[in-house]
Structure formats: C-alpha cells, structure tokens
Amino acid sequence: MEIKLTQDLIKMASITPNDGGCLKYIEDFLSDRGFQTEYLNFGRVKNIWSVKDNGGPLLVFLGHVDVVPTGPVEKWEHDPFSGYHDGDYIHGRGAGDMKGGIACFMSALDRLEDNLNYSIAFLITSDEEGPSKDGTVKVIEELMQREQKFDWCLVGEPSSINSTGDNIRVGRRGSINIELEIKGKQGHAAYPERVDNPLHKVGAVIESLTNEKWDEGNEHFPPTSLQITNMTAGVGAHNVTPDSVFVKLNLRFSPEISFEEIKSRIINMLEEKKLDYVIDFDLNAQPYSSIIGEFTEAVQEGILSVTDKPTQLSCSGGTSDGRFMAKTGCEIVELGPKFETIHKINEKVEKKELELLTDIYHQILLNLNVRAN
C-alpha cells in the first residue's frame, strides 16, 4: 500500500503553498478509518487537523505535502510529478521529502486493529517548504488556544543517513539568515588611488567568519556552523571597481550559543576591521530539543525490532516544523527516509526503504499501545 500511496501523492503537483489535492486525498483515506478532519486554513495555506479519539494519550503525526520547485524539468530522468516506479525506486519531487514518509505512516495505520489505548491525530500542512508562516505554526497556536493536549509527536521528515532508522532527530538547530553589504567607492581600475575597492576587504571578513569557532555543540547537537551562500558585486566590467559587495550567510546554531551572542560577535568582527557596512540579521528559527522519554524509547525499540540495529539520537540537519510543536511541551521524534536525494533533481526513494519504514512505524504504534495501558 505504501508504494501506491507514495505514487499517488507525488502525482499531485504541490509546490508551496499549493497542496495539489493531497490534503483531500489524505482526508478521504483517514475518513474511511474513523478520523474526523478539520481544515484550519490561514492566508493561502491549507492545513488539516484530523483526529481519531480513542481516549488516552495523543500521538500526532506531523508532516507536509508541499514540495520545493523541480528546477529544469528537462534535466529530470522522469517527469518529476509522475511517481514513476522502475522496480527499485519511486521517482519524483517529494518522494523523500516528505510524501514517502506520510504514505508509510498511512500504510502502517491501515494495519492496526481498532483497539488502541491512545488517540492519533494528523497535522499536515502545505507551508513547510516556504515561509512557514501560515502552516503548522498557526495550527499549533489555534489548538493551544483550545487547550488541546499533546503527548507524543512523530515527524515524518527524512532523517535516516545510510540505512532506514539509523538516525532519529530529537531536536533541531536554529537558523539565522544574514545579509551583509560592505561599502566602497566605485571607479576606474586604472586609478587605484581614486577608488575604495570593497572586494579587497571582503576576503578578510570571510576568513574571520569561516574560521570562527562558535561553540563545541553537545551530546546531540553538532557545533554551530556558518556558510557563505552568495556574494555579488560590480557591474560586470573588467575595468570598473564595485561600490559595494553583497554577501549572504546562513548559520545553523546549537543551544550552546544564543542569537544575541552570534550577532554581537559578528558586529565586533566588522567593527574591528573598520568597515563601512550595513548588516541585517533574520532569526529564522530558534534551536529546540525534545525531552527523551517513553516515546523516544518506543521509537528506538521499534527500529531495533525491525532492523536489528540501534539508532543514533541527533539534532542535526535543517529546520523542521517540529520547532513549532516543541511549544506544546510534548515529546518529539523525527523519523523518516534517507535524505540523500531530497531537494535535488531526480529525487527518489527506494521501494525497500518505504516497506521497511512502514514496518517500523507499525511497530512503534504497537509499542505505544503497550505503554498507554
């Protein structure tokens, strides 16, 4: 079942914030299994909150159906919205991030007998790959105003590294986007005494930023890292120096350092170099880490039972909507397929991996039934 579900979802073109019909497809599937679905839409974004109330603790499966753009379609081996199955892989945008994960949980749910000691909910958005302003964050705010209680949250984001279930995330680093302009004076390259070339200054700035040791991380969080993501300058001529250099940066930071400290250290670097500059900091996400309790144990036991291999707990990778669920205080685990091809041309997911992930999800659901007694 997980193969067909994955293919069906991929075939629905759902580039952010368009859900492409995916949410109605999921709603119909869940309705047939006793779930009550509510649309909580904000702005242009559709979100569903679908619940099967069995009493007891509540498990929320958190996911998104929106995908990033395909890029040049002619570079794809197969139509990115075909869900093509070559016998080993299912191809298409969203195969790994994260329509495959949603399909596996739906398939695992279908295997259950109707005698659970806990309740299950789906929170699915079409706004995770975009601004993330009108999706999960708004739904959580609405549900918290209703005093909805949350116990466990399983996020189906791609988390595995080399084999299915070898890595689960119990938190995520924060993210800061920075736009830096270093100003100079434009002029003719033949008259260096009459120009102030900012390109000659930016090298020292980049060296300082990239060599900075921000922190050491901790048991689950890797050290804070900075990447230069773009740099532009000049008018395109060989004989004209630029009046400004524009640099874009991104930091992924651990709880071992604060946004305020990062900001202060960068400004100090620039001031020490006596630069004429303009800088803008955009705090895109704060880091979060989940409590590690019975739900994490149920996930670890499920992976070990199915794969006969232990899993590693980490807080690596990019941001996810788990950061919004963290506000509820529930226990959060992210477990999904490998992330090797996500956001790339020719994104795909292995048939065997979907089958294995479904088995793991099913075992986790069984494990929780024992704990909910």
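# Reading the terms in a predicted model

Visitor: Where is serine 132 placed?

Guide: Serine 132 is in the loop between β5 (119-125) and α4, where helices (H or I, at least four residues) and strands (E, at least two) are DSSP runs numbered from the N terminus. This is a predicted model, in which local features need pLDDT of at least 70 and side-chain atom pairs count only at pLDDT 80 or more, while totals for chains, interfaces and linings use all residues. Residues are numbered from 1 along each chain as its sequence is written, and side-chain values use heavy atoms, with hydrogens and water left out.

Visitor: What makes β11 and β14 edge strands?

Guide: The open sheet has four strands in the order β11-β13-β9-β14, paired in the antiparallel sense, and pairing requires that DSSP find at least two bridges between two strands. β11 (225-233) and β14 (277-285) each have a single partner strand, so one side of each is left without a neighbour in the sheet. Between neighbouring strands of this sheet the average turn is 15 degrees, direction ignored.

Visitor: How do you know that β9 and β14 pair?

Guide: Strand β9 (residues 174-183) and β14 share eight bridges in the antiparallel sense, which stands against the requirement of at least two. Within this pairing, glutamate 181 has valine 278 of β14 as its bridge partner.

Visitor: Why are α2 and α3 called roughly parallel, and α3 and α9 oblique?

Guide: Angles under 35 degrees count as roughly parallel, over 145 as roughly antiparallel, 65 to 115 as roughly perpendicular and the rest as oblique. The axes of α2 (residues 22-31) and α3 cross at roughly 10 degrees and come within 11 Å, so this pair is roughly parallel. Helix α3 (residues 95-110) and helix α9 (residues 351-371) pack at about 50 degrees with their axes 8 Å apart, and are therefore oblique.

Visitor: What residues make the contact of α2 with α3?

Guide: Cys22, Tyr25, Ile26, Phe29 and Leu30 of α2 meet Lys99, Ile102, Met106, Leu109 and Asp110 of α3. By class there are eight nonpolar, no polar and two charged residues, where Ala, Val, Leu, Ile, Met, Phe, Trp, Tyr, Cys and Pro count as nonpolar, Asp, Glu, Lys and Arg as charged, and the others, Gly among them, as polar.

Visitor: Why is the pair of tryptophan 49 and phenylalanine 150 called edge-to-face?

Guide: Rings of Phe, Tyr and Trp (its six-membered ring) pair if their centres lie within 6.5 Å, and planes under 30 degrees apart count as stacked, over 60 as edge-to-face and the rest as tilted. By this rule the count comes to 10 aromatic pairs. For tryptophan 49 and phenylalanine 150 the centres are 6.0 Å apart and the planes at 65 degrees, so the pair is edge-to-face. Tryptophan 49 lies in strand β2 (residues 47-52) and phenylalanine 150 in the loop between α4 (136-145) and β6 (152-155), so the pair ties together parts that are 101 residues apart in sequence.

Notes. Axes are lines fitted to C-alpha atoms, for helices over the stretch in contact, and angles run from 0 to 180 degrees between N-to-C directions. Contact means heavy atoms within 4.5 Å.
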